[in-house]
Amino acid sequence: MIKPMPFARRAVLLAALVLPVIVQPALAADPAETFVAANIQKGLTLLNNKALSREQRQDQFEQFLLGLTDLKRIADFTLGQYRRSAPPGDVAAFEVAFQNYAVAVYQSYFSKYAGQTLKVTNSQARAATDYIVTTQLVDPSVKGPPLEVDFRVRTDGPRPVVVDVSVAGVWISLEQRDQFVAFLGQNNGNVKLLISHLSDLAKQFK
Amino acid sequence: MRGLRALLWGLGGLLLAGCAAPAPEALAANDPYEATNRDVLALNQKLDDIFFRRTVRNYLALPEDLRTGVHNVLRNLALPTIFVNDVLQGQAKRASSSAARFVINSSIGIGGIFDPAASAGFAYHGEDFGQTLAVWGVGEGPFLMLPLLGPNNPRDTAGLAVDTFVIDPTNYIHFKQHLWWDAGRQYLNVLDLRSQTFETLEGIERSSVDYYASLRNLYRQSRDAEIRNGAPAKSGELPDF
């Protein structure tokens, strides 16, 4: 006959089985979370670095953005259904124009958040290599609640990359795709015209 | 009177223009009235230039504390409506927070000029009947650009009407100057909202290749976020890259 296990031993055994399951998720952040925590603050600090000249800051931010994001993938996404129908030469030229536009506009946009502190609060996996990392941007000079900023991170390449950013629930790449598709719809799918507009805008912001 | 007649003719013309067959892109974007909506946006931008832009610039030149006080009073006046919508959505915790904010800010905050409730842990949150309808499962319907009111949809337009004419308790306080009170409050609401979003909208307009499409998307995404009360979107709602 098997002797019943004493309560204390059963409790220890149960704890040994269950505790690692409870503790593990809190200890092991996913690669996307680690990537965001390690890199985004660098960009905010860079934008706030008064020791750099305007040109130096622009150059360093461009390098930072290119290392952090997959702008080619984002550019292709923002073309929507026109990605498939446009001539390959136009798509390649659009990818270059989009990169220049994104660097100029994002620098202007994210300068507003320079000097603020980013805190990673959570992350969820959409798929094995597709994560949404939730963060809060804390402005020490403002009393109100922190700004919710989410990062969409893909980890299917040689290094993790950001493919979209959401500020207060608004995803930037989704907004850009709607704009570009609407523009192309109004202009007979003329990607060259879109490239020309993006180049003009990039010049205005530089 | 002649100006009003011209405006009505203009609006009538815009509505007739909307009867033309919509483009496939417009249908795909759930925007069958896109051509009319774009005309209304152009009209709104002209009205904004005439009636608001300069006033907003002057308003922004006033001391920040004064503008914050006006903003706080307007938000305090909206709290009973927010409270009712919290209740209708079954959000007991948020409803009690709205009630507490109203009591604290109306008394200690001197009619809502100051916001001591936020320091006491009752942070502001917005809520309206359009969001309540969404929580009850009502779809947004096609995109609409309304004269003066801007980006909208049938659900949120109906919600705005219910909030303004049915839920808002000031409707049930009868006094002689009610019309002026309503007009003044709505004007201040628009001025406050316009001043809060002035720089952001200027930035969006400057960096957009299609300002109309940008506003349409921003309205939809920010409304979705409000309806979710800030919770992250379900992963299935986002497209693949």
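In what order do the elements of chain A run from the N terminus on? The elements of chain A run α-α-α-α-α-α-β-β-β-β-β-α-α, that is, 8 helices and 5 strands. Helices (H or I, at least four residues) and strands (E, at least two) are DSSP runs, numbered from the N terminus.

This is a predicted model, in which local features need pLDDT of at least 70 and side-chain atom pairs count only at pLDDT 80 or more, while totals for chains, interfaces and linings use all residues. Residues are numbered from 1 along each chain as its sequence is written, and chains are lettered from A and ligands numbered from 1 in the order in which they are written.

**Burial and cores**

Of the 206 residues of chain A, 31% count as buried. A residue is buried if 20 or more other C-beta atoms lie within 10 Å of its own, exposed if 12 or fewer, and partly exposed in between, with C-beta atoms placed from the backbone. Among contacts in chain A between residues at least 6 apart in sequence, 52% join residues at least 24 apart; two residues are in contact if their C-beta atoms, placed from the backbone, lie within 7 Å.

A nonpolar core is a set of buried Ala, Val, Leu, Ile, Met, Phe, Trp, Tyr and Cys residues joined through C-beta atoms within 7 Å. The largest nonpolar core has 31 residues, and those touching the most other members are A:Phe94, A:Phe98, A:Tyr101, A:Ala102, A:Phe180, A:Leu184 and A:Leu194. Two or more residues of this core come from each of α4 (71–78), α6 (88–110), α7 (172–186) and α8 (191–205) of chain A, and from α10 (211–227) of chain B. Helix α6(A) gives the largest share, 9 residues. Leaving aside residues up to four places away in sequence, A:Phe180 touches A:Thr78, A:Leu79, A:Gly80, A:Leu194 and B:Val209. Another core, of 14 residues, lies apart from the largest one and includes A:Val36, A:Val120, A:Phe151 and A:Val161.

**Helix packing**

Axes are lines fitted to C-alpha atoms, for helices over the stretch in contact, and angles run from 0 to 180 degrees between N-to-C directions.

| Helix pair | Angle | Axis distance |
|---|---|---|
| α2(A) and α3(A) | about 165 degrees | 10 Å |
| α4(A) and α6(A) | about 110 degrees | 9 Å |

Angles under 35 degrees count as roughly parallel, over 145 as roughly antiparallel, 65 to 115 as roughly perpendicular and the rest as oblique. Helix α2(A) is therefore roughly antiparallel to α3(A), whereas α4(A) and α6(A) are roughly perpendicular to each other.

In the α2(A) and α3(A) pair, A:Asn39, A:Lys42, A:Gly43, A:Leu46 and A:Leu47 meet A:Arg57, A:Gln60, A:Phe61, A:Phe64 and A:Leu68. In the other pair, A:Leu71, A:Lys72, A:Ala75 and A:Thr78 of α4(A) meet A:Phe94, A:Glu95, A:Phe98, A:Gln99 and A:Ala102 of α6(A). The residues of this contact of α4(A) with α6(A) divide into 5 nonpolar, 2 polar and 2 charged. Here Ala, Val, Leu, Ile, Met, Phe, Trp, Tyr, Cys and Pro count as nonpolar, Asp, Glu, Lys and Arg as charged, and the others, Gly among them, as polar.

**Contact between the chains**

In total, 30 residues of chain A are in contact with 22 residues of chain B. On the side of chain A that touches chain B, α7(A) gives the most, with 9 residues. By class, that side has 17 nonpolar, 6 polar and 7 charged residues.
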